[in-house]
Amino acid sequence: MKFGTAGVPNSSKDRSTLGGIRTIKELGLDAMEVQFVRGVKMKREMAEKVRDLAKELGVELSVHAPYYINLNAEEGRKVEDSIRRLIETAKIGGIFAKNIVFHPGYYLKSSKEGAFRRIRDNLRRALEEIERLGLKVELRPETTGKPTQFGEVEETLRLCQELGLKPCIDFSHIHARMRGAMNSYEEFSSLLEMIERVLGKDAIRDLHVHVSGIEYGLKGEKRHLNLKESDFRFEDLLRALKDFKAKGIVIVESPNLEEDAIMLKRIWQKI
Ligand SMILES: [Zn+2]
């Protein structure tokens, strides 16, 4: 597995994406997830510079799409805006990254099945447009941390299965959403088994993982914590990933970003 940070590492004096890529390399890390979470503001010219630098330094980049996406919004305009944001992310992010992570939406007043169908059908429209534009990206729906958000494990895998996608597995979100479960070698293994069963071995050989410590309550995730300050059993997770011969990228979202990413990478190399 490759290890990296969600956004520019804290220790990077240069806070730009280019600065972040250089810092990732200096730290001996492998990857960075570029944050378009507050909108796609990067210009094409900059995206090309980002692509060239990442290639030169051997840093693998992914993108996190804007938070303001709800493919199950009640108003048609909000759905259209969500589709447009996904396409914008693919257009600019696709210049330097393959994997694009996004949160599909909220249930609002819909039944789970109703939300699933609307999200699937609206996502299909976005995928068709991305295909028509010839963009070589993989849109990855993420397992989310709050029960009001679409993104349980089962529905995320089903969405991937029906549309031919791969997921972003945020283990900490699942742990928070399940209020403390999904925190042992056995549970991590059974989840990896489920991914293999639903999406095939290829999905395990091309995983995109998010991880951090996490504080949670009745409404799911509250805030991210550093791994050692949380109850999350990250060594068990790494061991399960190793035993399943998982390949792909682990993006760390702890407040201390690179510290936890470096710690995980060291453990990974030892086990
Ligand atoms: Zn996310």
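Analyst: Phe150 is buried, with a relative accessible area of 0%; buried means under 20% relative accessible area, exposed over 50%, and partly exposed in between, with a 1.4 Å probe and protein chains only. This is a predicted model, in which local features need pLDDT of at least 70 and side-chain atom pairs count only at pLDDT 80 or more, while totals for chains, interfaces and linings use all residues. Residues are numbered from 1 along each chain as its sequence is written, and side-chain values use heavy atoms, with hydrogens and water left out.

A search of the whole structure finds six aromatic pairs. Rings of Phe, Tyr and Trp (its six-membered ring) pair if their centres lie within 6.5 Å; planes under 30 degrees apart count as stacked, over 60 as edge-to-face and the rest as tilted. One of the pairs joins Phe116 and Phe150, which are tilted, with 6.3 Å from centre to centre and 40° between the planes. Phe116 belongs to helix H4 (residues 112-132) and Phe150 to the loop between strand E5 (138-141) and helix H5 (153-163), so this pair ties together parts that are 34 residues apart in sequence. Helices (H or I, at least four residues) and strands (E, at least two) are DSSP runs, numbered from the N terminus.

Phe116 counts as buried, at 1% relative accessibility. Ring pairs also link Tyr107 with Phe116 and Phe150 in a cluster.

Helix H5 leads on to helix packing. H5 and H7 pack with their axes 10 Å apart, at an angle of about 25°. That makes H5 roughly parallel to H7. Axes are lines fitted to C-alpha atoms, for helices over the stretch in contact, and angles run from 0 to 180 degrees between N-to-C directions. Angles under 35 degrees count as roughly parallel, over 145 as roughly antiparallel, 65 to 115 as roughly perpendicular and the rest as oblique. The crossing of H5 and H7 is right-handed; a crossing is left-handed if the near helix is turned anticlockwise from the far one by less than a right angle, and right-handed if clockwise. On the H5 side, the residues making the contact include Val153 and Leu157, and on the H7 side they include Leu191 and Ile195. Contact means heavy atoms within 4.5 Å.

H7 also takes part in a ring pair. At 1% relative accessibility, Phe116 counts as buried; the rings of Phe171 and Phe188 have centres 5.8 Å apart and planes at 85°, so they are edge-to-face. Phe171 lies in helix H6 (residues 171-177) and Phe188 in helix H7 (residues 185-199), so this pair ties together parts that are 17 residues apart in sequence. Both Phe171 and Phe188 are buried.

The axes of H7 and H9 come within 8 Å and cross at roughly 40°. That makes H7 oblique to H9, and their crossing is right-handed. Phe188 is among the H7 residues that meet H9, where Leu237 and Leu241 are among the partners.
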